[in-house]
Structure formats: C-alpha cells, structure tokens
Amino acid sequence: MGVFGNSLDKATTNTFTRPVPKSAQAQMKFLVKTLKGTRAAAERLGISQRTVERYLTGQIKQPRPDLATRLATETHKHWQPRVRERAKKKAATTDGIVIETRARFGFTAAPGTTDDARIRLITQHLPPAYAARLFDAHAAGASDQQLQGIAAEGLQEIYFKDHGHRAPGLQVEFTDIDYIELDF
C-alpha cells in the first residue's frame, strides 16, 4: 500500500470511539470473536489453532515481532467497522475531507505563465464528491497513483482554480510527495 492508502487508513483509525486492544491476549480474544472461532483466527494469522488457544488462556503473553505486527494489523482492520463506515459515509455525503500535503506541484497552463514545478505546503478542504471518489477507489483496490490523481484533480479545482473562477486552462501535476495527511 502506498502513501495515499496508508493516509486514508490512518484517517479512518482516527475516527474510532474506543481504543484498540493493546495486549496480545485482548487482541486475540477480539479476533476470535470477530472471525468466529479459533481456527479462522489461526488461518488469518498464519499460526496453529493451539497457539491461538494458548494466547486466549494467557499461557503465551509476548508474540514474536512478526506475529505481533500481523496481530495488530488484523485487529485494526476489523476494529469498529460500523463507526468506520459511518465516518466515511458522513465525509462522502456532507463533510468532505481535509488534505494536508507538502509536495511538488507543476502546471500546464496558458502561454506566458510559469509552469515550473515547486514544493508547496497546502491544507485544503475538499468537497464530499472527492471524498466519495477517494473512498470508492480505495475500496476497489485502486493504486496509489490513481488515488493521487483524484486528489490532484480536487486540489486543481478547489485550490488552484478556486471553483472555476480563475485559471480556466490550468492542469495540475501532483508529484514528489513529502508527506500527506487526510482527515475527515
């Protein structure tokens, strides 16, 4: 997963109303309950069913680093799905999404204007239509380049063209992302 995908996942994590379980035993209990059984949890984590049972009883308390990573990832993936969907729906229908980025922006514009790419720090609210497009593309497994294209189009229309009030022929190129944060 790329920069945009990770940023969308992080923004979704920020919508949680309760903290994610921290201990290995609590994470394992949650996964067993969510995935409906020790066998399904074991298959998802790539360990034996007996190992899952040992975590549940507290016989094993500290997982190996690779298992700890997989356990945390799976727990985050399944934690509060209704809260996550409600936040996405609200962003896609009414609130929109805020994008903060430091990246290189270049332009294709009318003759006589500058089109030299330069680093800009931009914090911009994008309307719900762009949030919906980002969520739909992310859910469909779009590449980071496609998500970047949707964000570039949104920044082009809202930030650079000011909702179509200026720079009618402007085309924005969004490259060399230093960092990006999304919030909804």
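The legends below describe several close-up views of one predicted model.

Residues are numbered from 1 along each chain as its sequence is written, and because the model is predicted, local features need pLDDT of at least 70 and side-chain atom pairs count only at pLDDT 80 or more, while totals for chains, interfaces and linings use all residues. Side-chain values use heavy atoms, with hydrogens and water left out.

**View 1**
Two packed helices are described by the angle between their axes and the distance between the axes. Helices here are DSSP runs of H or I with at least four residues, strands are runs of E with at least two, and both are numbered from the N terminus. Axes are lines fitted to C-alpha atoms, for helices over the stretch in contact, and angles run from 0 to 180 degrees between N-to-C directions. The axes of helix 2 (residues 24-35) and helix 5 (residues 65-78) come within 10 Å, crossing at roughly 50°, and this makes helix 2 oblique to helix 5. Angles under 35 degrees count as roughly parallel, over 145 as roughly antiparallel, 65 to 115 as roughly perpendicular, and the rest as oblique. The crossing of helix 2 and helix 5 is left-handed, a term used if the near helix is turned anticlockwise from the far one by less than a right angle, whereas clockwise gives right-handed. Helix 2 contributes Ala-24, Gln-27, Met-28, Phe-30, Leu-31, Thr-34 and Leu-35 to the contact, and helix 5 contributes Leu-71, Ala-72, Glu-74, Thr-75 and His-78, where contact means heavy atoms within 4.5 Å. Sorted by class, the contact of helix 2 with helix 5 has seven nonpolar, four polar and one charged residues. In this sorting, Ala, Val, Leu, Ile, Met, Phe, Trp, Tyr, Cys and Pro count as nonpolar, Asp, Glu, Lys and Arg as charged, and the others, Gly among them, as polar.

**View 2. Helix 2 packed against helix 4.**
Helix 2 also packs with helix 4 (residues 49-57), at an angle of about 120° and with the axes 8 Å apart, which makes helix 2 oblique to helix 4. The crossing of helix 2 with helix 4 is left-handed. From helix 2, the residues Ala-24, Gln-25, Met-28, Lys-29 and Val-32 meet Val-52, Tyr-55, Leu-56 and Thr-57 of helix 4, and by class this contact has six nonpolar, two polar and one charged residues. Arg-50 is placed in helix 4 as well, and its C-alpha atom is separated by 9.0 Å from that of Arg-39, eleven residues apart along the chain.

**View 3. Helix 7 beside helix 8.**
Helix 7 (residues 128-139) and helix 8 (residues 144-160) have axes that come within 9 Å and cross at roughly 175°, and the two helices are therefore roughly antiparallel to each other. On the helix 7 side the contact is made by Tyr-130, Arg-133, Leu-134, Ala-137 and His-138, and on the helix 8 side by Leu-147, Ile-150, Glu-153, Gly-154, Glu-157 and Ile-158. These contact residues divide into six nonpolar, two polar and three charged.

**View 4. Aromatic pairs.**
A search of the whole structure finds three aromatic pairs, a pair being rings of Phe, Tyr and Trp (its six-membered ring) with centres within 6.5 Å, whose planes count as stacked when under 30 degrees apart, edge-to-face when over 60, and tilted otherwise. One of them joins Phe-30 and Trp-79, whose ring centres are 5.0 Å apart and whose planes lie at 65°, so the pair is edge-to-face. Phe-30 lies in helix 2 and Trp-79 in the loop between helix 5 and helix 6 (81-95), so the pair ties together parts that are 49 residues apart in sequence. Both Phe-30 and Trp-79 are buried, where buried means under 20% relative accessible area, exposed over 50%, and partly exposed in between (1.4 Å probe, protein chains only). Another pair is formed by Tyr-159 and Phe-160, with ring centres 4.8 Å apart and planes at 85°, so this pair is edge-to-face. Tyr-159 is partly exposed, with a relative accessible area of 29%, whereas Phe-160 counts as buried at 6%.

**View 5. Positive phi in two loop residues.**
Lys-36, in the loop between helix 2 and helix 3 (38-45), has a phi near 65°, a positive value in a residue other than glycine, and is exposed with a relative accessible area of 74%. Gln-80, in the loop between helix 5 and helix 6, has a positive phi of about 45° although it is not a glycine, and is buried with a relative accessible area of 9%.
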